[in-house]
Amino acid sequence: MQTKHLKWTLLVVLALIWGSSFILIKKGLVGLSPYQLGALRIIFTALFLLIIGFKSLTEIKQYQWKYIAITALFGTFLPAFLFAIAETKVSSSVCSILNSLTPLNTLLIGIIAFGLAFKRSQFIGVVIGLIGTAILIFNGKQESTENYTYTILVIIASICYALNVNLIKKYLSDVKPLSITTGNFSVMLIPALVVLFSTNFLDIVRWPTTQHSMLFIMILGIVGTGVANILFFKLIQMSSPVFASSVTYLIPIVAFFWGLMDNEMLTPFQFFGAFIILVGVYLANKK
């Protein structure tokens, strides 16, 4: 019973953290390029995790480092840049909604590539959740400046997340969440530094706008990526890949409330879509 309550608590906490990440990316892009933002997000997270979790790296066996590297690539490195690039042309709320494709991709990849067993109710729940996200999309306020070609990048990111969830469940279930997260970011630190210093970052780092944006990305990196990944890996290990990825159903709700605080109005249909999403989460995880 305690495990059941804990996994739902972790799900809600992750939704609050990651639901806030899209507005942080939006604020960060004011003074940073997408590549600078993605690189700084990884660097801030890596430094934080190496401080608190360096000793945990010794718990990773030699043969497991290849899976650490692969999950780092698909779970964080690629999505960090894909979302940053996408949000230059697509609103943060739409990106958060499209991120809800992750549970469906998780289920499909799990079935096809990893032999994941599933129930019909799980598949129905995923589909209902996607219907809810569609309601949010088509009834949301659409900006004329948006280029929906860039939504493909968000879809690719959701596939990366889905692959990452299944890889962790299959190959790293016996590794502590802090070890996985610290290992991921220690692998990505050097490549992120290379990306950052290949831009004009040193020329703009003293600009007030740049420093203000870096503050948002520091919060995003430490809390929205470092702390959240530890909680997420813990959730994967104590539940199932589909349940863990269901957090992406709740993320759009949090993102829309941030939009409301930023003077963006929600329509009654958007609230209805949010309710449909919660129904989908329930069905996808009903025993």
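Reader: I'm new here, so let's start with Asn200: where is its place in the structure?

Author: Keep in mind that this is a predicted model. Helix H9 covers 177-197 and helix H10 covers 201-204. Residue Asn200 sits in the loop between H9 and H10.

Reader: Is Asn200 buried, partly exposed or exposed?

Author: To count as buried, a residue needs under 20% relative accessible area, and to count as exposed it needs over 50%. Asn200 has 41%, so its label is partly exposed.

Reader: How many Å apart in space are Asn200 and Pro103?

Author: Along the sequence, 97 residues separate the pair. In space, going C-alpha to C-alpha, Asn200 and Pro103 are apart by 37 Å.

Reader: Pro103 belongs to which helix, and which residues of that helix are buried?

Author: Pro103 is in helix H6, which takes in residues 102-114. After H6 comes Gly115, with a positive phi near 65°. The buried residues of H6 are Thr102, Pro103, Leu104, Asn105, Thr106, Leu107, Ile109 and Gly110.

Reader: Which residues does Asn166 touch, apart from those up to four places away in sequence?

Author: Asn166 belongs to helix H8, residues 151-171. With a relative accessible area of 3%, Asn166 falls under the 20% cut-off and is therefore buried. Setting aside residues up to four places away in sequence, Asn166 touches Thr106, Ile109, Gly110, Phe114 and Pro241.

Reader: How far apart are the end C-alpha atoms of H4, and what span should its 22 residues have?

Author: At 1.5 Å a residue, the 22 residues of H4 should span 32 Å. There is also a kink of about 40° in H4, centred on Leu73.

Reader: What is the volume of the largest cavity?

Author: The count of cavities of 30 Å³ or more comes to two. For the largest cavity, the volume is about 350 Å³.

Reader: Which residues lie nearest the centre of the largest cavity?

Author: Its lining is made up of 25 residues. Among the elements giving two or more residues to that lining are H4, H8 and helix H11 (208-238). Nearest the centre of the largest cavity lie Trp18, Arg41, Gly75, Tyr161 and Asn229.

Reader: Last one: is Ser92 buried or exposed?

Author: Ser92 lies in helix H5, residues 92-98. Apart from neighbours within four places in sequence, Ser92 is in contact with Phe22, Ile23, Lys26 and Glu87. The relative accessible area of Ser92 is 14%, and the cut-off is under 20%, so Ser92 is buried.

Terms used:
Residues are numbered from 1 along each chain as its sequence is written. This is a predicted model: local features need pLDDT of at least 70, side-chain atom pairs count only at pLDDT 80 or more; totals for chains, interfaces and linings use all residues. Side-chain values use heavy atoms; hydrogens and water are left out. Helices (H or I, at least four residues) and strands (E, at least two) are DSSP runs, numbered from the N terminus. Buried means under 20% relative accessible area, exposed over 50%, partly exposed in between (1.4 Å probe, protein chains only). Contact means heavy atoms within 4.5 Å. The expected span of a helix is 1.5 Å times one less than its number of residues. The bend at a residue is the angle between axes fitted to the seven residues ending there and the seven starting there. On a 1 Å grid over the protein atoms alone, a cavity is a set of points where a 1.4 Å probe fits but cannot get out, and a pocket is an open set with protein on both sides within 12 Å along at least five of seven lines; lining residues have an atom within 4 Å of a point. Grid points are joined across faces, edges and corners, and a volume is the space filled by probe spheres set on the points.
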